[in-house]
Amino acid sequence: MAGRRRIDAGRAVFAIVVGLLLLYLVFPVAVLAYMSLTAGETLTFPIEGFSLEWYTGLATNDSYVNAAVTSIVIGVSAAAISCTLGGLLAYVVASYELPFKGVLSALAISPLFLPPVTLGVAFLNLFLPMRLAETLLGVIIAHSVFTIPFPFVLTLRALADMNPELKSAAMNLGANTWQSFRTVEFPLMLPSVVAGFIFAFGMSFNEFIIAQLVAGYSVTTLTIQIFSSLRYALSPYIAAVAVVMILATAILTVFAAWLARRGSSSL
Amino acid sequence: MGPALPRTSGKYLLLLPGAAFLAVFFLVPLCLVVVHSFYISPSGAGMYEPGFTLDNYLRLVQESYYAGRVVATLKFGIIVTAITAVIGYPLAYYLARGRSLVCQAGLVLLLGTLYVTYVIRAFAWSVILSDNGVVNTLLHALGAEGVSLYPGTWAVVAGLIYSFYPFYVITVFATIRNIDPSLEEASQALGAGRLRTFWYVTLPLSKYGIMAGSMWVFVLTVGSFVNPVILGKPRDWFLPVIIEQQVQQELNVPFGSVLSLVLMAIVALTVTAVARTVGLRRVWRQ
């Protein structure tokens, strides 16, 4: 009996701990969502009446709208570049014998490990003499390098999971390399490539310090806009824009994770 | 065997765009960081002057402020990693073993917040911990004294843990998922209690996940810029903030490059050490 009770107590403690941890995950987001609904001008707790004015105001707030557009342009361009180049690299690494495969993979993966601030400093070291610093193109290139690991790895994994007999079957039936790529390999790796694109976009869209270092004060992304408004006044606009950004990122990431899983399990 | 030759040259052609892009925009910049770390620091206008000097490295050793920042970087890394490793484990275990709806929702939530910008995460904690924020308002309502946490060291730690523990939980989650549940059942069938089973079966089998997850948290923490700036006082600023100041505000690229190399070395040593014991494959399968 005593043993049974001790186990139940243990279970209760475990449940409480897990509950607190889940709360810890949700709490800050919930606080922001709650704060964004204030009718007041400041972020005080509790809020002074309910209103959606900060959300409706966002649509007409030029600095946030422009920053969001800039972020989307950078994110889509960077994701397109990193998916094309990373996907191509992964395809070559997975399909052919190469003398320096390890070095190549390490090169494509290592941006994931390096602290973003050191990547930013490195880009600046090149971009200052190239006159790419403080330009949109500079930020796009920087984010392409920063986001390349995800498309590379996801594509590599999709190709590694693929049944190699599919390709040889296509070749035996008379397809050439290009035809077999187009009709067999590409359709099978597509979900992973799309997932890689979304992950890369999400990473670029949410990235701050690389963009800040490369862009200086000339290009304003959404994270740069939020960061600089934090330094002046804590307006409820920031809470509203944060909620929108969290929702967008959450939906995209979960969708990409689902695609990536579907991509490698369907093979 | 006719197409052998075009296929061999074809693969190098396919390789070219990606390899060239990474060489020019990733390898060259990294090499320039090394080169510029020996350049002469600017006197007046300009970001650097070409030349060769060891002054930038000597400055790191001679000015105790910078050595102190290196120590602070490691300190934050270790504290945040240790706390995350302990508190993240029960959640990872629950998400991996539970089957309830809460469990599914928790996993989706965790994945969904994985890439939410650190700017917003830190901002949320500043709202929670500020003097008239959520925590203090609740404390006052309960009749207790308020606490002044923001800005301060523990606000930075709270923000860092919040920012990075999803990465830890996901990594450990994947490891626990791969442990065959029948091992745990066998242990219990042989008379071990839940606690004993956990201690002698589950925990040892998930140690590689714990190490890989902790490595991620450490690497992300020592590289974080946003959290210390938004949630901390200047004494809580460690290497990334100091690097940004040197490069963007002092316009001293050579010294910023030296500090960058120190930070990269810390990360490289950590990753290498963990990859050696755990195996690189496990480190970054999420």
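Predicted model: local features only at pLDDT ≥ 70, side-chain atom pairs only at ≥ 80, totals over all residues.
A polar contact is a pair of N or O atoms within 3.5 Å, where one must be able to donate a hydrogen and the other to accept it, and residues adjacent in sequence count only if both atoms are side-chain atoms. Keep that in mind for the first stop.

**Stop 1: where the chains meet**

Colour chain A and chain B separately and select the residues in contact: 87 come from chain A and 78 from chain B. Together the two chains bury about 7,300 Å² between them, with 83% of that on carbon and sulfur atoms. Now pick out A:Tyr24, A:Leu25 and A:Phe113. This trio supplies 10% of the area that chain A buries against chain B, more than any other three residues.

Next, highlight helix 1 of chain A, residues 2-35. Helix 1 gives the most to the side of chain A that touches chain B, with 16 residues. Colour that side by class and you'll get 72 nonpolar, 11 polar and four charged residues.

How many residue pairs are in polar contact across the interface of chain A and chain B? Eight, counting pairs with both residues at pLDDT 80 or more.

**Stop 2: the core**

Select A:Leu32, A:Phe127, A:Ile226 and B:Leu95. They belong to the largest nonpolar core, which has 171 residues, and they touch the most other members of it. Show helix 7 of chain B as well; the largest share of this core, 16 residues, comes from that helix.

Zoom in on B:Leu95. Setting aside neighbours within four places in sequence, B:Leu95 is in contact with B:Cys103, B:Gly106, B:Leu107, B:Leu110, B:Val169, B:Phe173 and B:Arg177.

**Stop 3**

Most residues other than glycine have a negative phi, and most peptide bonds are trans. Here are some exceptions to click on.

- Go to B:Pro151, in the loop between helix 6 (134-141) and helix 7 (153-177) of chain B. The peptide bond leading in from B:Tyr150 is cis, with omega near -5 degrees.
- Jump to A:Arg131, in the loop between helix 5 (116-130) and helix 6 (136-147) of chain A. Its phi is positive, near 60 degrees. Is A:Arg131 buried or exposed? Exposed, because its relative accessibility is 72%.
- Finish at B:Leu251, in the loop between helix 12 (239-249) and helix 13 (253-278) of chain B. Phi is positive at B:Leu251 too, near 55 degrees, and the residue counts as partly exposed because its relative accessible area is 34%.

Note on methods
Residues numbered from 1 in each chain as written. Chains lettered and ligands numbered in written order. Heavy atoms only, no water. Helix = DSSP H or I, 4+ residues; strand = E, 2+ residues; numbered from the N terminus. Buried < 20%, exposed > 50% of the residue type's maximum accessible area, 1.4 Å probe, protein only. Contact = heavy atoms within 4.5 Å. Buried area = accessible area lost by both parts, 1.4 Å probe. Nonpolar A, V, L, I, M, F, W, Y, C, P; charged D, E, K, R; others polar. Core = buried A, V, L, I, M, F, W, Y, C linked by side-chain atoms within 4.5 Å.
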